Amino acid sequence: MAGTGGRAGEPDATGVEAASAPERSQASRCMPFEDCVAGIKSALKDPTVRFLRERMEKAGCPMPPGMITAKNCGTADKSGSYGSTVGITVCCEEIRYQDEISQVLIHELVHAYDDCVVKNMDWKNCAHHACSEIRANHLSGDCHYKRELLRGFMKMRGHEQECVKRRALMSLRNNPHCSETAAKDAVEAVWSICYNDTRPFDRAP
């Protein structure tokens, strides 16, 4: 497959693994799969992505080959994910621009960093998951006002914190171990500590 540097399912020299390219609808606005794979390799050169990878390595958690996978996830409105055993997945069918790939990698690398440095990190624990989602949404630029405008959210004052809470709750709703009430309670309980925890950055980028 063009752009993968190896057979489908195998990581290339950059450590990016590509699943087989899916059939692409003519009406799709997403980036072609091969361009998505190439875009991930390009995003690895992003200064913030490089900084997070360096901090993970210094913390004793270097990124192994194949930690980042490009695939068609088949899940609407989900551009990426992280799992302790599967690494980072970029959902190419939701990607339209190069900037989105960098943002996804930064978001998921914050989760990977938390998984590395937080003792006894438990993704089934709603408070643990909430804290990492708050940090990832805050530190990745997910809630920059321009992104919010594109999503149809027009409020300017206080938009960033509202966005971080909203998107953290969206992620927790997908955690089968967190009910709606437990998710809301967890976000509120850890909000102040986790929103202000900008590690490994000195301040939010």
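Is Cys36 buried or exposed, and what is its relative accessible area? Cys36 is buried, with a relative accessible area of 0%, where buried stands for under 20% relative accessible area, exposed for over 50% and partly exposed for the range in between, with a 1.4 Å probe and protein chains only. The model discussed here is predicted, so that local features need pLDDT of at least 70 and side-chain atom pairs count only at pLDDT 80 or more, while totals for chains, interfaces and linings use all residues. Residues are numbered from 1 along each chain as its sequence is written, and side-chain values use heavy atoms, with hydrogens and water left out.

The structure holds 6 of them, a disulfide being a pair of cysteine sulfur atoms within 2.5 Å. Cys36 is joined to Cys92, with an S to S distance of 2.1 Å, and the torsion about this S-S bond is about -75°, so the link is left-handed. Because Cys36 belongs to helix H1 (residues 33-43) and Cys92 to the loop between strand S4 (87-91) and helix H3 (98-117), the pair ties together parts that are 56 residues apart in sequence; helices (H or I, at least four residues) and strands (E, at least two) are DSSP runs, numbered from the N terminus. Cys92, at 2% relative accessibility, also counts as buried.

A further disulfide is formed by Cys73 and Cys91, whose sulfur atoms are 2.0 Å apart. The torsion about the S-S bond of Cys73 and Cys91 is about -90°, so this disulfide is left-handed. Cys73 sits in the loop between strand S2 (68-71) and strand S3 (80-83), and Cys91 in strand S4, so the pair connects parts that are 18 residues apart in sequence. The two ends can be described by their accessibility: Cys73 is partly exposed, with a relative accessible area of 24%, whereas Cys91 is buried at 0%.

Cys143 and Cys163 form another disulfide, with their sulfur atoms 2.0 Å apart, and with -75° about the S-S bond this link is left-handed. Cys143 lies in the loop between H4 and helix H5 (145-151), and Cys163 in helix H6 (residues 159-173), so the pair ties together parts that are 20 residues apart in sequence. Cys143 counts as buried at 2% relative accessibility, and Cys163 is buried with a relative accessible area of 0%. When the bonded cysteines of the chain are numbered in sequence order, the pairing reads 1-5, 2-6, 3-4, 7-11, 8-12, 9-10. Cys30, by contrast, is in no disulfide, and the nearest cysteine sulfur, that of Cys92, is 8.0 Å away; Cys30 is buried, with a relative accessible area of 12%.

The helix packing comes next. Two packed helices are described by the angle between their axes and the distance between the axes. Here the axes are lines fitted to C-alpha atoms, for helices over the stretch in contact, and angles run from 0 to 180 degrees between N-to-C directions. The axes of helix H2 (residues 47-58) and H3 come within 9 Å and cross at roughly 15°. H2 is therefore roughly parallel to H3, on a scale where angles under 35 degrees count as roughly parallel, over 145 as roughly antiparallel, 65 to 115 as roughly perpendicular and the rest as oblique. Residues in this contact (heavy atoms within 4.5 Å) include Leu52 and Met56 of H2 and Leu105 and Leu109 of H3.

Helix H4 (residues 126-139) and helix H7 (residues 180-195) pack at an angle of about 55°, with their axes 8 Å apart, and are therefore oblique to each other. Among the residues that meet are Ala130 and Ile134 in H4, and Ala186 and Val190 in H7.

Two backbone features complete the tour. The peptide bond from Arg199 to Pro200 is cis, with omega near 5°, and Pro200 is found in the segment after H7. Asn120, in the loop between H3 and H4, has a phi near 60°, a positive value in a residue other than glycine, and Asn120 is exposed, with a relative accessible area of 70%.
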